[in-house]
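Hello! Here are my notes on the model you sent over, written as numbered points. Please have the structure open while you read.

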Amino acid sequence: MVIKKRQILWDWTNTGNGGVPDKINQVPFGSNSPVASVVNWNAWVPPELKGRAPFRPMVRVLESTKGNDWAIIQNSNDPIILFFNEPERSGISPEQARDIWYNQMIPLRKNKGKKLGSPAVASDDNGRKWIEKFMSLVSNDLPDFLCLHYYSNNADEAIKYIEGMHNKWPKPKVMVTEIACTDRNYQAVLGFTVKICNWMDTKDWVFEYGLFDFQRKVADGFVSPAAQLMDANGNFTELGKMYVNQQPMKLPGKAVVAIAANSEVHLMADFSATTALGADQQKALDAQNDKRKSKGLKPLAWDNQLANNAEAYAKHLVQIGKLEHSSGDQRPNQGENLAWFSASSTPLLGSANMWLAEEKNYHGEPIGQGNFGSYGHYTQCMWKSTTKVGMGLAKDAKGGVYVVGRYSPPGNMVGQKPY
C-alpha cells in the first residue's frame, strides 16, 4: 500500500518565463506515487500542475492577507490553507498573527470548511518561543495542522524535535513543510534523508512532509548543495528521483558508503606498515593500491586503529542485521565503505574488488553529479588525499559476512573529483 505524504516543494521560479515548468512532469503523479501535494509558498497554483495533485495555498507574509493574494485564498477550491512562513524572521508578532488568525483565517474554516495549517517557524529558540506564544493565544481555536521546519545534519535530532513538538500539541496532526540535511557531504545527506523520510512515512500523526526543495540553484548559504533535488537545468538529481519514486527510500547501491566531513591531509606514502598483515588484509590493500597506482596516486597505508574501528562497527552491523552507515560523530575524520557477502574465503579482497569494480560507472564527474550510488565506493578507495585504510569484518549466525572499510582522511567531498 502506497503511503501518500510527500509534498513537492516546487519553487516559484520554476514557473513562467525563464522557468522550467515542464520539468514537473518528472514527478510520477498518480495513485501509486508517494507524492501527496504541491507547495510553492504562494497563493497561486502553478499552472503546470494541471490538477494532477492537491495544491496547498499559503498565506506566506503580511502582504498575502490582502489584495490579489487574499482574493485567491478566499476563492480557492483547495481544502487546506497554510499560514505564515517563518513569521518570527519577518517581524510578525504572535499577537499580530493571532488577530489575523481570528479575523481572516478562522472564517475560512467556519464558513468555507477549510482546514488550516499553523505558522511554520524555524526550529531555533526564537522560532520555538514564537510558536509557543501563538499556540497559547489561539488555544481555543487550534490549527488543524502543526506546521514545522527542520534543518540539521542529524536525523535522530530531527526525529526528537518533531516528536517533541507533537507531544507538546498532540491534537493537530503534524505537517513538516520544510526539512533537509545541512551536511555538505552527499552520503551524509543520503543517510539523513532516507532515515527521516522512512520514519515520517510510518507515523500516522505526520500528515505530510516536504523535502527542501525543487529549484535550480541553492537557496542560500545555509542550505547544502549536496541536498539539491534539482540540478541547474531543472532535471531531478539522484536524491530528487529517490524522493518522488521510492517507498520505502533506500540508500543507493548494493553496499552502502558513508563518508564523514573532510579534514587536513597527512601524507603517508610508504608500504612498510603492511608487513604484518594477514593474507586477506594484504590482498585487499594490494588491490586498492594497484588501482591507485594505475591512476598515478600515492598508495594507502594500512592502519590498525582504523581496522579495529571497522571491526567494531562490523559487529554492530551483525547485531542490527543490515547495512547501515555510522554517523559522522561515530567516525570523526573517517570515510566508510560497507559490504555484505553470503559466504567468502576472502571477504576483504572481495569487498575491495566489488568497490573498485564501480570504476566502470565513474566518468570523471564531480562528486554529487551523475549516479553517485553506483560509483561512490570506488571514488573513496581512489581519493587522492586519503592516505590510510583499515578493514574489518564480522560474521552473523547464518554465515553472512559484514565488511567495513575505514579511510582517513575521508573522500567523496561534494563538488570535488577523486583524482
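How many disulfides does a search of the whole structure find? The search finds zero, a disulfide being a pair of cysteine sulfur atoms within 2.5 Å.

Before the points, a word on the basis. This is a predicted model, in which local features need pLDDT of at least 70 and side-chain atom pairs count only at pLDDT 80 or more, while totals for chains, interfaces and linings use all residues. Residues are numbered from 1 along each chain as its sequence is written, and side-chain values use heavy atoms, with hydrogens and water left out.

1. **Cysteines.** Cys197 has its closest cysteine sulfur in Cys181, and because the two sulfurs are 11 Å apart, they are too far from each other for a bond. Cys197 is buried at 0% relative accessibility (buried means under 20% relative accessible area, exposed over 50%, and partly exposed in between, with a 1.4 Å probe and protein chains only). Cys381 is also buried, with a relative accessible area of 0%.

2. **Helix 2 and helix 3.** Two packed helices are described by the angle between their axes and the distance between the axes. The axes of helix 2 (residues 94–112) and helix 3 (residues 125–137) come within 9 Å and cross at roughly 40°, so helix 2 is oblique to helix 3. Axes here are lines fitted to C-alpha atoms, for helices over the stretch in contact, with angles from 0 to 180 degrees between N-to-C directions. Angles under 35 degrees count as roughly parallel, over 145 as roughly antiparallel, 65 to 115 as roughly perpendicular and the rest as oblique. Helices (H or I, at least four residues) and strands (E, at least two) are DSSP runs, numbered from the N terminus.

3. **What meets at that crossing.** Helix 2 passes helix 3 in a right-handed crossing (right-handed if the near helix is turned clockwise from the far one by less than a right angle, left-handed if anticlockwise). Helix 2 brings Pro94, Glu95, Ala97, Arg98, Trp101 and Tyr102 to meet Trp130, Lys133, Phe134 and Leu137 of helix 3, where contact means heavy atoms within 4.5 Å. By class, this contact of helix 2 with helix 3 has seven nonpolar, no polar and three charged residues. For these classes, Ala, Val, Leu, Ile, Met, Phe, Trp, Tyr, Cys and Pro count as nonpolar, Asp, Glu, Lys and Arg as charged, and the others, Gly among them, as polar.

4. **Helix 4 and helix 5.** Helix 4 (residues 155–168) and helix 5 have axes that come within 9 Å and cross at roughly 30°, which means helix 4 is roughly parallel to helix 5. The residues of helix 4 that meet helix 5 include Ile159 and Ile162, and those of helix 5 include Phe192 and Trp199. The contact of helix 4 with helix 5 has eight nonpolar, no polar and three charged residues. Thr193 also belongs to helix 5 (residues 186–202); Thr193 is buried at 1% relative accessibility and touches Leu211, Leu239 and Met249, not counting residues up to four places away in sequence.

5. **Helix 7 and helix 9.** The axes of helix 7 (residues 279–294) and helix 9 (residues 347–356) come within 7 Å, crossing at roughly 20°, so helix 7 is roughly parallel to helix 9. Their crossing is right-handed. The contact of helix 7 with helix 9 has seven nonpolar, three polar and three charged residues.

6. **Two cis peptide bonds to look at.** The bond from Ser408 to Pro409 is cis, with omega near -15°. Ser408 lies in strand 13 (residues 401–408) and is buried at 7% relative accessibility. The bond from Phe212 to Asp213 is also cis, with omega near -20°, and Asp213 sits in strand 8 (residues 206–214). Asp213 is among the residues touched by Asp11, which is buried at 8% relative accessibility.

7. Lys50, a residue other than glycine, has phi near 55° and is exposed at 67% relative accessibility.
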